[in-house]
Amino acid sequence: MIYVSGALSMWGDRMWHFAISVFLIELYGRNLLLTAIFGLVVAGSVLLLGALIGDWVDRNPRNKVAHASLLVQNISVTVCSIVLMLVFLYKQWIESIWDGWLTVVCYTVVIILADVANLASTALTIAIQRDWIVVITGYNRGHLAGMNATMRRIDQVTNILAPLAVGQVMTLASNVIGCGFILGWNLVSLIVEFIFLSRVYRIVPALSVKPPTPEDEEGVTRSVLNLKEITNLPLCFGRFRWLLSTCKDGWRAYYRQDVFLAGMGLAFLYTTVLGFDCITTGYAYTQGISGSLLSLLMGVSAITGLMGTVMFTKLRKAYGLVNTGIIS
């Protein structure tokens, strides 16, 4: 059930990330400006709010986190799809209102909703792939590695098929029908994922208990001190200070980890790779590559990622985890 719900969620994410890049290009006259703004907003919001999202996941019961993230993600994509459909259908009429400012409002709403959906997807990924799976495998590192590899394999398979499916719909039909296709998928996926995650939560009793961490006592003491200071401030300033404190604690916890340097190395690795992100997809689309062919090329690239998940399990058994990382 975890694999099925994960596959549905990943399929929706892959379709949406591919389609939104093409939609933004179409909306702005085959110009990369909207796509670039979208990429900046999405990356920047995760960078700034990542610690707050992680803190929220840690503080709340697992089932509430999963359900809330799922609802926010799917509802945001659904509403965004509806807005896009209206803009595509009535673009000329919308551009004539408020000297074109209504168009800017629509673009802003689309980007904000897409960003909210991405943040909710991030929260869901953290909750399921970094927490639920660890508990389900009973903290067994071998089982955990196998389950993570399987989830990654599912992700790569959906990366092959999902853009291909929505790309064909957008090319053979229209952008409006493409939006409708994504909208329908999200509504069906929401129901199935909600039921499956609820079922898993009931099957695994350990998920209902969050064990205390070694930092809890220190964290509680610090929180009490912070609250004493914050209560002396106006509500808005107190809330803002608490948010800044949470972000600072999150980054401090990150650089104190034993794997901090390895994580930085992985981050630098990503700066050397030209991936199929929204900018690359948008640029290729402006150069005359059809949505159908572009989705097919994305599928070809995902096949190499799928091969990597297969190689990981074999290399780990043969050479160990550290050597596998160095080889990779």
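**Reading a cavity and its surroundings**

Mentor: In this predicted model, the residues lining the largest cavity split into eight nonpolar, nine polar and two charged. Here Ala, Val, Leu, Ile, Met, Phe, Trp, Tyr, Cys and Pro count as nonpolar, Asp, Glu, Lys and Arg as charged, and the others, Gly among them, as polar. Being a predicted model, it needs pLDDT of at least 70 for local features and 80 or more for side-chain atom pairs, while totals for chains, interfaces and linings use all residues. Numbering runs from 1 along each chain as its sequence is written, and side-chain values use heavy atoms, leaving out hydrogens and water.

Trainee: What counts as a cavity, and which residues are closest to the centre of the largest one?

Mentor: On a 1 Å grid over the protein atoms alone, a cavity is a set of points where a 1.4 Å probe fits but cannot get out; lining residues have an atom within 4 Å of a point. The largest cavity has about 130 Å³ of space. Of its 19 lining residues, Gly12, Asp13, Trp16, Gln73 and Val77 are closest to the centre.

Trainee: And what does Trp16 touch?

Mentor: Contact means heavy atoms within 4.5 Å. Setting aside residues up to four places away in sequence, Trp16 touches Val77, Cys80, Ser81, Leu84, Ala114 and Ile182.

Trainee: Is Asn175 buried or exposed?

Mentor: Buried means under 20% relative accessible area, exposed over 50%, partly exposed in between (1.4 Å probe, protein chains only). Asn175 has 14%, so it is buried. Beyond neighbours within four places in sequence, Asn175 contacts Phe23, Glu26, Phe88 and Met170.

Notes. 1 Å grid on protein atoms, 1.4 Å probe; cavity = no way out; pocket = protein on both sides within 12 Å on 5 of 7 lines; lining within 4 Å. Points joined across faces, edges and corners; volume = space filled by probe spheres on them.
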